[in-house]
Amino acid sequence: QWTNLRFSLAKYAQMEKSKLDAANINLDSLENKANSLEKDLSLKSEAFASITDDKVPTWQDVQKQLKKNEAAIELVRINKFGIAKIVTDTSAQKVSGKFPEYKVHDLTDSIHYAALIVTTKSKEPELVLLKNGNDLETLYATYQKNAIAFQQEDTASYKQFWQPIGQKLKEMGIKKGGKVFLSPDGVYNQISLNTLFNPKTKKYLMDELEIHTVTNTKDILAFGKAENKNLKAELIGFPSYDLDQNTWANLSNEAAEADAFASRSFSAGFQTVSMLPGTQLEIVNIQSILGQNGYQSGISIAEKATEESVKAVQNPKILHIATHGFFIGANEKNEKIDPMLRSGLLLAGCSNYAKAEEKPQTEDGILTALEAANLELDETDLVVLSACETGLGDVKAGEGVYGLQRAFRVAGAKSILISLWKVDDAATQKLMTSFYKNLSKLDNARLAFKVAQKEIRKEYPDPYFWGAFVLVGE
């Protein structure tokens, strides 16, 4: 009941108030019901209650998990305190021909980034303060993005985004090949650290350090616990975005009979979606590789790769989704729309729904991040989103990225492989195939992915092809 209600609320959140009123749907009442069910579940289920455990770990707890040549970094985006504005008091008497002015001290629009670093020897977290946050978020973020997109050598980004932090790590005893658990904030959620090129050593950062991205450094306290021993995978990809009319009609009828949730009107921009042939080969290759290593894989491709098929998934060890991803940035028209509704995955029938003048009582083929957060993935070790821009979203200081990354973490996945820019179909298919081959040999997703990246670099040396994907979590 609770899960179904959360899915319903995710749908209703996208409907206009007039439509909700016409359907006699009261969001406040449903939210209260969901909260009440959540409380009941917490009382009856120890596992469910642990999800909302409010114990706050300390930096010393994190430090105890570190080994020699390892460090933990918490990046924090902060507004500098200072003179926020100057107020002119026009109600007062002029002095020397001017009204009196008063300085108002508060948070300014000057952005700093603080890197708090801990190693096994730290007596307290050490600070690296990057005072050029405004430039990092505008000038240098744009420069790095364009250098990647146009496949140009980038000799500036390493110095701006990493050099001061790297120097401090050396001073703290972290040597080449060391492991760094890093929790990004702000603009650091939008760049692929592994692709930063050190002009002095002529090496990428991934060749100098093992960067282990986490949503929060406290995540490492749970690493290695409760691994899913059930060798089950769900592979979903190569969706038929534009279904033939008979298949579309049958899908709509099945959904209507199943008392589908409220339909949506968010699909206007997806009337024409290009097919991704590489995703079909990708899914077939992965099924073969996993099958040789004892996995039972459920496959949903073409007309079967529906939104319903994703929502039916229940705690596989691995969930792999290969399709188009999207993120729609905030603007004047949509800034009030929940950012978790502006990020998602395109699935079978999304074009049919977008083009339909009368919207049927069916899913629209778009799995938004808000909906993905309600999936049952508490026992899932790895989610792979083999799609474009699945790591993007609205970045809120101190809270991370509001998008698919957050959604699948909230759903329970221990690790998520996401992308930061539009990826090449052929190169991605080869990267994913290599990743799963290495995963079957090494039984370690992070190491397997690093090896796969190095293999793909031989054929595609430019970071544009191999650097888009980032592994977040365990």
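When I say that two residues touch, or are in contact, I mean heavy atoms within 4.5 Å. Hello everyone, and keep that in mind for the whole talk. What you see above is a predicted model, where local features need pLDDT of at least 70, side-chain atom pairs count only at pLDDT 80 or more, and totals for chains, interfaces and linings use all residues. Residues are numbered from 1 along each chain as its sequence is written, and side-chain values use heavy atoms, with hydrogens and water left out.

Let's start with A115, in strand β2 (residues 101-119). Leaving aside residues up to four places away in sequence, A115 touches I73, E74, L75, E126, L127, V128 and I165. Is A115 buried or exposed? With 0% relative accessibility, A115 counts as buried; buried means under 20% relative accessible area, exposed over 50%, and partly exposed in between, with a 1.4 Å probe and protein chains only. The C-alpha atoms of A115 and L182 are separated by 9.5 Å, and these two are 67 residues apart along the chain.

Now the overall picture. The protein chain has 18 helices and 18 strands, taken as DSSP runs numbered from the N terminus (helices are H or I, at least four residues; strands are E, at least two). Of the 474 residues in the protein chain, 50% are buried. Among its contacts with a separation of 6 or more, 77% are between residues 24 or more positions apart.

On to helix packing. Two packed helices are described by the angle between their axes and the distance between the axes. Here axes are lines fitted to C-alpha atoms, for helices over the stretch in contact, and angles run from 0 to 180 degrees between N-to-C directions. From α16, residues including F435, L439 and L442 meet α17 residues including L447, F449 and I456. By class, this contact of α16 with α17 has 11 nonpolar, three polar and three charged residues. For those classes, Ala, Val, Leu, Ile, Met, Phe, Trp, Tyr, Cys and Pro are nonpolar, Asp, Glu, Lys and Arg are charged, and the others, Gly among them, are polar.

What about α11 (residues 277-291)? Helix α11 packs with α16 at an angle of about 10°, their axes 9 Å apart, so α11 is roughly parallel to α16. Among the residues that meet here are L281, I286 and I289 in α11, and M432 and Y436 in α16. This contact of α11 with α16 divides into seven nonpolar, seven polar and three charged residues.

That brings us to the cores. A nonpolar core is a set of buried Ala, Val, Leu, Ile, Met, Phe, Trp, Tyr and Cys residues joined through side-chain atoms within 4.5 Å. Which members of the largest one touch the most other members? Of its 66 residues, they are L385, F408, F435 and Y436. The largest share of this core, six residues, comes from α16. Apart from it lies another core, of 29 residues, including L75 and I165.

One last stop: S157 in helix α7 (residues 157-161). S157 counts as buried because its relative accessibility is 1%. Its contacts, beyond four places in sequence, are Y140, Y143, Q144, W162 and L196. Thanks, everyone!

Technical notes. Angles under 35 degrees count as roughly parallel, over 145 as roughly antiparallel, 65 to 115 as roughly perpendicular and the rest as oblique.
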